[in-house]
Amino acid sequence: MSQALDEVKIGGLGASRQRVEDARFIRGRGNYVDDIVLPGMLHMEILRSPLAHARIKSIDTSKAWAIPGVRLVLTGEMAAQRNLAWMPTLSYDTQAVLATDKVRFQGQEVACVVADDPYIARDGVEAIVVEYEPLPPIVNPVQALAPDAPLIRDDKEGQTDNVCYRWEVGDAEATERAFAEADVVSKLKLHYPRSHPSPIECCGSVADYNSATGKLTVYMTTQAPHIIRAAVALVAELPEHMIRIISPDIGGGFGNKVPVYPGYVCSILCSILTGRPVKWIEDKTGNLVSTGFGRDMYLTGEMALRADGKILAVRFHADTDQGAFFSDAQPSKFKVGLLHSAFACYDVPHGHITAQGTYTNKAPGGVAYRCSFRVTEAMFFQERMVQAAADDLGMDQAEFRRINLREDDSFPARTPFGFLVDSGQYAKCLQMGLDAIGYEDFKREQAEARKRGRYLGIGISTMTEPLGAGNSREYDILGIKMFDSAELRVHPTGKAILRTGAKTQGQGHETTWAQIVSHELGIPADDIVVEEGDTDHAPFGMGTYASRSTPVAGAAVSMVSRKIRAKARKLAAHLLEVSEEDVEWELGRFYVRGAQSRGVTIQECAMAAYTNMPDGMEPGLENNAYYDPPNLTWPFACYIATVEIDPETGVWDVLRLVAVDDCGVRINPMVVEGQITGGLTEAYAMSNMQFQTYDAEGNIVGGNYMDYLLPTAWETPGFELHEVVTPCPHHPIGAKGVGECAAVGGPAAFVNAVMNAIGHTGVRNIDMPLLPDRVWDAIRTGKDISGAPPFRNA
């Protein structure tokens, strides 16, 4: 009889193990950057520009220097003397650390003050006098491309316009032929507005340069410590091995904490200049107005259709508003991220995409806000276009999707834009969602309600997201391939410590990584400690963003565990006095083939690795693994929302939201459900209430949390979660990832539901967020409502 351990009981795959990190968080014992206090530490505050576009005529810092307790006032001119006024971005552009020639967006960093405490530093900032010469501001791509548009990046040699990139993918000729053969051509134009990740903890750093040793240690809110270390080495011209980046507990990231921000560089330079540790903690307004935004993309799309509903081809053009600097964190060769992942779940023969990025007088945008590099925009555009196409054909939206979704036996399948989609059960997920929502019953209820003046709507979003960027043939950042890593040490008593190159900001790595090790080795999850975020201790990795955790870092954890098991097998053969070929494995123990009662546990093998190893074997039981995935993983989801709109006010309420997610093998079902619930909450917020834009003068509208709303439990609807499991064929444990799917696919479900409710008015699109006044205006006028800036006060 097998003596294998019960995997769920020891906390392996499939166990809804409680998050171990929460024990310190709920007790207020987390260790965040602002908790770091070093001897002699000074405090830094940043002066930000009140104008969106202006030439700097002069900066008078004399009053700031005169304040007792002020130790340093740093300007762009002073930074330039150290060659640190500008820094490279992760998209091969340059970005001002402190403005020298002019300011290019409201909230841009102009100077900073270092003082004995943050209050004195704030006083110092307020004492600085800057004389500006206002310049015409640009707040959208149309203005940026106008013939008389002022040149925003006049600092760049050879830059003659406000275009920062052009990009295309697909087969233009084949797509054109397909459109010529189409029975119907469906068109849609829309804008995905700026969205801010809004982490609970803002950005911050504590820089400590030791002039005696030449070593720089920086405690920092970063999702990618090793990449930041490489960037700091390039910017500060310090040797990389003398830089230590420590990313302690992070209060949320969502992509906002991937880029290198001027505040980080300023704190490092100030520490070098003062010879003392310098702390910078960003305030909420600074975070909202200056750190990395998501989205801000304009789409003009077309779909070629047969009369029977079959999609023949798609083509669309995207204009991205990059703000003043092109600072996206994304793979080097993809200038607009993975926008071309659109329509991967549909059987579309031909496609062509063009994209163009423009500079504007806005904070740099385009971070992968809870998505795999612009995939949120891709899926939103896809599902809005799909619903518009169904409406143009007069076809039921669910049936239109059913006709065009990839069939189960079609995998692996190549998309018209070059991706290889590996597996899925798309029709099953759709049908499960339709059954759960009661689709046909709701449509009958909707028709009856319309007769009584009630506006009910139902919206569907079926999407797949490419996760785990790291295929080194195609993916790199700053030339560094996007693999990931894990190091596992099993101690003599069978307890273990795992370190990875990833960095959690709430995903539950300390919980789920241990579960993978338990699955591979049979060591109870409670006997495994997980550490991340310290470049002096963790193996080199690319960090956590774009849902890379489970697809890449999780795979590295699995692979290093298997290396450990392979050595443990040799130890077991030695202990059992048999050949290695006669040793079998079951969870937690090795045994002799044909004599199952003769066995040794993984813990006994661990002790032998330090006390009784065979001749010629190196002592110890530890190893590392660098995982380079052969392909992206492709989770699929179906989200269906029902809403009711008050036609007198435009207020809309969510009646139900059904989610069906296929993320492959689920490591911890409870953590997965938490990720989906959180993602759907963000999706609802983006579609319903989060409004941040710019007026004609370049002033930010929605730069505080009175205007930029975050949903509370009161506003957030309930979600009904369902699952389908299609294991990934190339991932070591069959997992696909799920952390971003709901935030990626959810917005279209809510918007499609509202548009379905008012479809009889002839309105095709209302730009997000679907604020009540926009919905009411659309119902009243029967016209599409644009949310593109500039914002005009009534």
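Predicted model: local features only at pLDDT ≥ 70, side-chain atom pairs only at ≥ 80, totals over all residues.
Visitor: Which residues of strand 20 lie on each side?

Guide: In a regular strand the side chains alternate between the two faces of the sheet. On one side of strand 20 are Y455, G457, G459, S461 and M463, and on the other are L456, I458, I460, T462 and T464; all are buried.

Visitor: How many bridges join strand 20 to strand 30?

Guide: Strands of a sheet pair through backbone hydrogen bonds, either parallel or antiparallel. Two strands count as paired if DSSP finds at least two bridges between them. Strand 20 and strand 30 run antiparallel and are joined by 10 bridges. Within this pairing, Y455 stands opposite I645 of strand 30.

Visitor: In what order do the strands of the open sheet stand?

Guide: The order is 6-2-8, with 3 strands and antiparallel pairing. Strand 6 (102–103) and strand 8 (129–134) are the edge strands, each pairing on one side only. Strand 2 (residues 54–60) is joined to strand 6 by 2 bridges, and R55 stands opposite K102 in strand 6.

Visitor: Which residues of helix 19 are buried?

Guide: Helix 19 (residues 772–781) has R774, V775, A778 and I779 buried. These residues cover an arc of only 135° around the axis, which puts them on the same side of helix 19; the arc is that of the directions from the helix axis to the C-beta atoms. On the other side of helix 19, D773 and R780 are exposed.

Visitor: Against what do the buried residues of helix 19 pack?

Guide: Contact means heavy atoms within 4.5 Å. The buried residues of helix 19 pack against strand 20 (455–464), strand 30 (636–645), strand 31 (652–662) and helix 18 (741–757). After helix 19 comes G782, with a positive phi near 70°.

Visitor: How many aromatic pairs does the structure hold?

Guide: Rings of Phe, Tyr and Trp (its six-membered ring) pair if their centres lie within 6.5 Å; planes under 30 degrees apart count as stacked, over 60 as edge-to-face and the rest as tilted. The structure holds 20 aromatic pairs. One of them joins F483 and Y626 edge-to-face, at 5.8 Å centre to centre and with 75° between the planes. This pair links distant parts of the chain, 143 residues apart: F483 is in the loop between strand 22 (480–481) and strand 23 (484–490), and Y626 is in strand 29 (residues 622–627). Ring pairs also link W86, F105 and F325 into a cluster.

Visitor: Is Q675 buried or exposed?

Guide: Q675, found in helix 17 (residues 669–688), has 15% relative accessibility and counts as buried. Leaving aside neighbours within four places in sequence, Q675 is in contact with R370, G506, Q507, V738 and G739.

Notes: Residues numbered from 1 in each chain as written. Heavy atoms only, no water. Buried < 20%, exposed > 50% of the residue type's maximum accessible area, 1.4 Å probe, protein only. Helix = DSSP H or I, 4+ residues; strand = E, 2+ residues; numbered from the N terminus.
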